[in-house]
Amino acid sequence: MSGAAFRKYLLPGFVFQSVVIAGGYGTGREIAEFFLTLGPRAGILAILVSTAAWSAVCAVSFEFARAFSSYEYRSFFERLLGRAGFLYEVCYLVFLTIVLAVIAAAAGSILEDTFGVSYILGVVGMMVAIGFLVFRGTRAIERFFSGWSFVLYGVYVILFVWSLSAFGDQVAEKLAADPLGPGWVVGGVRYAAYNLALIPAILFCVQHVETRKEAVSAGLLAGPIAMAPGLMFFLAMVGHFPQIVEREVPANFILETLGSRAFQITFQVVLFGTLVETGTGMIHGVNERVAAAFARHRASMPVFVRPTLAIALLLTGTLLAQFGLIALIARGYGTLTWLFLVIYVVPVLTLGVVKLGRLGRGGSRAFSGEAQEPRYPPR
């Protein structure tokens, strides 16, 4: 596959997967909570539901962004919701603060538990890495995300194959003996919605897409690309069902059963990289929104704004984490999930499709009667 084809069809999926995994299933806790509690067989069906939901929303969102040249979330929601578009930004900034608090705590804990270094050193290291990537801009972020995704896939394939070779009989036994329970459709939708709010923040990677076919294809591929490591992780966990459901960090439990300190360290280093990816992707979405605001006034965003904004957001998330914010994650995420369903998922799958249909009949954006924003070059 050529570089151009990769950027058009696969890069959006890898960028989406990069921001989902650390905020979603990197530790295995979310997989256990949303899927494995349903049972092994129902959990697999729920994973397929989540994958289909991700693909559908990505496909429509990518095409909507391409059709209206809206590659950051502010202009995207102005096109989609008009004056009510600010509601997404309010919810996203709250969501961003919670996620940054979580990954700051996780980064510090990973380095402390794995290498015995100071907790604060892990937090600072993550902040420096995110600040550096954000400063380098879109192209550097895209290269890092796509490259690290291949590293991530390699580690998850090793975890999957190793677990099946060691516990394959237990996995087959649990799948065969497990009755298909209810709730897998709702479980799959809940988990999908839990992460769909991240899509408008990564629309910068859709600027390589030129046609409707490319946008829809990239969106449909994004679901499987993002969920494939999660499915491998799920099957590795099935061999330890049901006791693994009660583990706070299921990934550590699996790594301990495999008995390799070297692989445990490797996995934790890769997981640390995914934390950097998630923080970078979410903060870069804010930076692109600020850059677009400068572009509206025919000005370029000063280079110091990107890392400064990144550090300010990271510090805010880290400081709030110290006040017990992490204890509110379950309630906070649950509330935000419903809000994002109302202000993003439902509108983009209904109103967004209608607007794209009208645009298609008109044959051009000019025909739709909607003025176009100046398109700014990605950094």
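How many aromatic pairs does the count come to? The count comes to 27 aromatic pairs, where rings of Phe, Tyr and Trp (its six-membered ring) pair if their centres lie within 6.5 Å, and planes under 30 degrees apart count as stacked, over 60 as edge-to-face and the rest as tilted. The structure is a predicted model, in which local features need pLDDT of at least 70 and side-chain atom pairs count only at pLDDT 80 or more, while totals for chains, interfaces and linings use all residues. Residues are numbered from 1 along each chain as its sequence is written, and side-chain values use heavy atoms, with hydrogens and water left out.

The protein chain has 13 helices and zero strands; helices (H or I, at least four residues) and strands (E, at least two) are DSSP runs, numbered from the N terminus. Of its 379 residues, 55% count as buried, with buried meaning under 20% relative accessible area, exposed over 50% and partly exposed in between (1.4 Å probe, protein chains only). Among contacts in the protein chain with a separation of 6 or more, 85% come from residues 24 or more positions apart, a contact being heavy atoms within 4.5 Å.

Phenylalanine 144 and tryptophan 148 are four residues apart in helix H7 (residues 138-177), and are therefore separated by about one helical turn. Phenylalanine 144 counts as partly exposed, because its relative accessibility is 24%. A further pair consists of tryptophan 162 and phenylalanine 263, whose ring centres are 5.5 Å apart and whose planes stand at 50°, so the pair is tilted. This pair links distant parts of the chain, with tryptophan 162 in helix H7 and phenylalanine 263 in helix H11 (residues 261-296), 101 residues apart. Tryptophan 162 is partly exposed at a relative accessible area of 31%, whereas phenylalanine 263 is buried at 8%.

The helices that carry this pair also pack together: the axes of H7 and H11 are 10 Å apart, at an angle of about 150°. Axes are lines fitted to C-alpha atoms, for helices over the stretch in contact, and angles run from 0 to 180 degrees between N-to-C directions. The crossing of H7 and H11 is left-handed; a crossing is left-handed if the near helix is turned anticlockwise from the far one by less than a right angle, and right-handed if clockwise. The contact of H7 with H11 has 15 nonpolar, eight polar and two charged residues. In this division, Ala, Val, Leu, Ile, Met, Phe, Trp, Tyr, Cys and Pro count as nonpolar, Asp, Glu, Lys and Arg as charged, and the others, Gly among them, as polar.

Ring pairs also link Phe64, Phe68, Tyr73, Phe76, Phe77, Tyr88, Tyr92, Phe95, Phe340 and Tyr344 into a cluster. The C-alpha atom of phenylalanine 64 is separated by 10.0 Å from that of leucine 359, 295 residues apart along the chain. Leucine 359 lies in helix H13 (residues 329-362) and counts as buried at 8% relative accessibility.

Glycine 317, in helix H12 (residues 305-321), counts as buried, because its relative accessibility is 0%. Not counting residues up to four places away in sequence, glycine 317 touches Thr97, Leu100 and Ala101. Glycine 317 and alanine 104 are 213 residues apart in sequence and 7.5 Å apart in space, C-alpha to C-alpha.
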